[in-house]
Amino acid sequence: MNQPGVPAGQDRTAKDRKVTMYRNGSIYTAADPFATALVVDGDTVAWVGSEQAATSIVDSSMEVIDLRGALLAPGFVDSHAHLTESGLALSGLQLNGVRSAKELLDAVASASGSGTVLGHGWDETTWHDSTLPTSEEIDRASAGRAVYLSRIDVHSALVSSSLAAAAGLDGLDGFSGTARVVRAAHTAARLTARKFPEHERRGYQESALQEAASHGYVALAEMSAPHICGAEDLRMAMSWNEHGNRPEVLAYWGELATSEDHAQAILDGLGARVLGLAGDLNIDGSIGSRTAALVDDYSDAPGQRGSLYLSVADATKHLVATSLLGVQAGFHVIGDAGLGAVLEALDAAADEVGEQRLRAAGHRLEHVEMADQSAIDRLAKYSVSVSVQPGFDAAWGQPGGLYEQRLGGRSQTMNPFASFYASGVPIAFGSDSPVTPLRPWSSVRACLEHSNPEQRISARAAFLGHTRAGWRATKHRNPLMGQLVPGAPASFAVWEVDELMVQVADSRVQSWSTDPRARTPLLPALDTGSDPRCLQTVREGRELFAHESLRV
């Protein structure tokens, strides 16, 4: 068998067909809201039903797993992630907890090894004093080693003088001679810091995939782009799919196309088949780094309105080219001015290729944090899917948080999940890992506890947005993906839960019921203060992760 992460020269060895029965639990399935048992035959769900029926069909050829009251539910799909970056964040300096420049410098000084010091997660809006360290201070703390420390949003970073020199930052947009870099200077610094040997890159990706599997993910949308990594990183990420023992990588490549022929040439030149020229093709940046393009000034930086990285003409050409090919296009867009540019491009592209062809391509946008009702209605008109990150609101949407610091009263309108749903905009959820962690139930909870009560959605809608909708956003051809019904792919996770409940529709409050007569599949109660623990993750019949207690 070929080594994971390396392109395979031949098909992997087929495994003998296996039949497994799960029983004595709760099965999240539309086929039977009272189901307590499920049978997997090879890579397919063969049967779901009651405990009594399970007793009548079980035989000695099956492996029988006693769920002991656990929940078996469709596996999670992360609709926006970065494998190599996530692996780096897991293994490098974790700076989420630092609260001052001194603490950050202490972390750099304590870094082991002899190569580039890599770290992620600092957020000066949580510091006692938001003053950033200087290049000289970073140089002293690192004892001369190259340093790259990404901000929590990965749209800016702090770098050492040696890394700045190696990346040739002098004269680049976004470099002022200080430690902080943004825009073009940040891209150059990141790419220089990311020049890994192949075995290190493989290790970072494998670490991220293992982390995802241990938290119930069966698939992740990898949002690669030239400013993040090279095509070799993308090809390695996709090669994990050839072995079936990791979460599926749903790959996108965010490179701008200027014509139909150019788009086809980009796709042909990748050496791997991607789902579209979408993902982190940046229209703008981020709120935290003040690079998201805004209509009005940042509240804490008068005169600053962020950056538009692509023009309306650029975006229009890209949408036209991909629509003519019938492949997905998409953009990273966060600010309201950035979204305005995308909407203008959609209108212009529709004039050129027709609304029907534009809609048929199934284009998608990432993040879309600032959208009023008029913008949402225009997205619905063109059947644009939106991939959003509930963890952003949980991290930054509370009173006094980053959104309020940067945007003032505009912070109350951020991440309009309920408005998207109400207007018929297809919506899927992701983490943007490593920006927020691969913790799906925390992400579901964030939907229920949105900082703006008017934008909260039901637990069922949030769960579907994290599972079935993730497949739909990729235009997957199998309509059964993300469901546990006979004939569907056996992709699921098993969860140890404190309590199972049904969320009851109520326009005033989020009320819950344990009454099975609601005839709605049960979900974990998420107000207990802790997430359910993953006991097993299975992708198309292949076990990706198993907790030691599963088969005890």
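Student: Is Asp527 buried or exposed in this predicted model?
Tutor: Asp527 is exposed, with a relative accessible area of 60%.

Student: OK, and where does Asp527 lie?
Tutor: Asp527 sits in the loop that links strand 23 (523–524) and strand 24 (533–539).

Student: Switching topic: what's up with the phi of Asp432?
Tutor: Phi is positive, near 55 degrees, even though Asp432 isn't a glycine. The residue is in the loop between strand 19 and helix 17.

Student: Is Asp432 buried or exposed, then?
Tutor: Asp432 counts as buried, because its relative accessibility is 8% and the cut-off for buried is under 20%.

Student: Which peptide bond is cis?
Tutor: The one from Ser433 to Pro434, with omega near 20 degrees. Pro434 is in the loop between strand 19 (427–429) and helix 17 (440–448), and Asp432 is in that loop too.

Student: Last one: how many bridges join strand 3 to strand 4?
Tutor: Five, and the two strands, residues 37–41 and 44–49, run antiparallel. Val40 stands opposite Val45 in strand 4.

Student: And which residue takes a positive phi in that hairpin?
Tutor: Gly42, near 65 degrees; the hairpin has two residues between its strands.

Note on methods: Residues are numbered from 1 along each chain as its sequence is written. This is a predicted model: local features need pLDDT of at least 70, side-chain atom pairs count only at pLDDT 80 or more; totals for chains, interfaces and linings use all residues. Side-chain values use heavy atoms; hydrogens and water are left out. Helices (H or I, at least four residues) and strands (E, at least two) are DSSP runs, numbered from the N terminus. Buried means under 20% relative accessible area, exposed over 50%, partly exposed in between (1.4 Å probe, protein chains only). Two strands pair if DSSP finds at least two bridges between them.
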